[in-house]
Amino acid sequence: QMLEEESRHGYQIIKDLEERFKGFYSPSPGSVYPILQMLEDRDFVSISKEGNKKIYTITDEGKTFLKENVDQDEFTKRLEQFKNVDFEQMKASREQLQGLFHGFMKASQSALQDEEKQKELNVFIEETKQKLERFYK
């Protein structure tokens, strides 16, 4: 679908996806380039060279495939979910969770030295898991 908007090289696709997901997802080259190769193998894209870069352009076969499968694209459905997300709140939540995880790691290291602390930490972790489940069950 991105190639239907305009031709792109692989790195540009990676950066454009990262931008569309507001930095919360950035595909690796190891996930993008094999897909581009598969699209080329199926004649859905053609490749031209611009210096050392391969430029990927959607073909008529690729456009036809998109039209025939417009409502079956799981990636697009997931991307749509991000359109109404408050990314500032999501970023703040991520920072809170990173701080919490850091605290758990410190407590876990400390508990390795003391059997009683380890038992207490295990109980605390289990209670926390149960409390968290209330938010999504």
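**View 1. Two helices pack together.** Axes are lines fitted to C-alpha atoms, for helices over the stretch in contact, and angles run from 0 to 180 degrees between N-to-C directions. In this predicted model, helix α2 spans residues 10-20 and helix α3 spans residues 29-41. The two pack at an angle of about 125°. Their axes lie 10 Å apart. Angles over 145 degrees count as roughly antiparallel and 65 to 115 as roughly perpendicular; α2 and α3 are therefore oblique to each other. The crossing of α2 past α3 is right-handed.

**View 2. The contact between α2 and α3.** From α2 come Gly 10, Tyr 11, Ile 13 and Ile 14. From α3 come Pro 29, Val 32, Tyr 33 and Leu 36. Seven of the residues in this contact are nonpolar and one is polar. None is charged.

**View 3. A sheet of three strands.** The sheet is open, and its strand order is β1-β3-β2. Pairing is antiparallel. Strands β1 (8-9) and β2 (45-50) stand at the edges. Each has a single partner strand, so one side of each is left without a neighbour in the sheet.

**View 4. The pairing of β1 with β3.** Strand β3 covers residues 53-58. Two bridges join β1 to β3, and these strands run antiparallel. Arg 8 has Tyr 56 of β3 as its bridge partner.

**View 5. Helix α3 against the sheet strands.** Helix α3 lies across β2 and β3. Its direction makes an angle of about 115° with β2. Helix α3 also packs with α2, through residues including Val 32 and Leu 36.

Terms used: Residues are numbered from 1 along each chain as its sequence is written. This is a predicted model: local features need pLDDT of at least 70, side-chain atom pairs count only at pLDDT 80 or more; totals for chains, interfaces and linings use all residues. Side-chain values use heavy atoms; hydrogens and water are left out. Helices (H or I, at least four residues) and strands (E, at least two) are DSSP runs, numbered from the N terminus. Angles under 35 degrees count as roughly parallel, over 145 as roughly antiparallel, 65 to 115 as roughly perpendicular and the rest as oblique. A crossing is left-handed if the near helix is turned anticlockwise from the far one by less than a right angle, and right-handed if clockwise. Contact means heavy atoms within 4.5 Å. Ala, Val, Leu, Ile, Met, Phe, Trp, Tyr, Cys and Pro count as nonpolar, Asp, Glu, Lys and Arg as charged, and the others, Gly among them, as polar. Two strands pair if DSSP finds at least two bridges between them.
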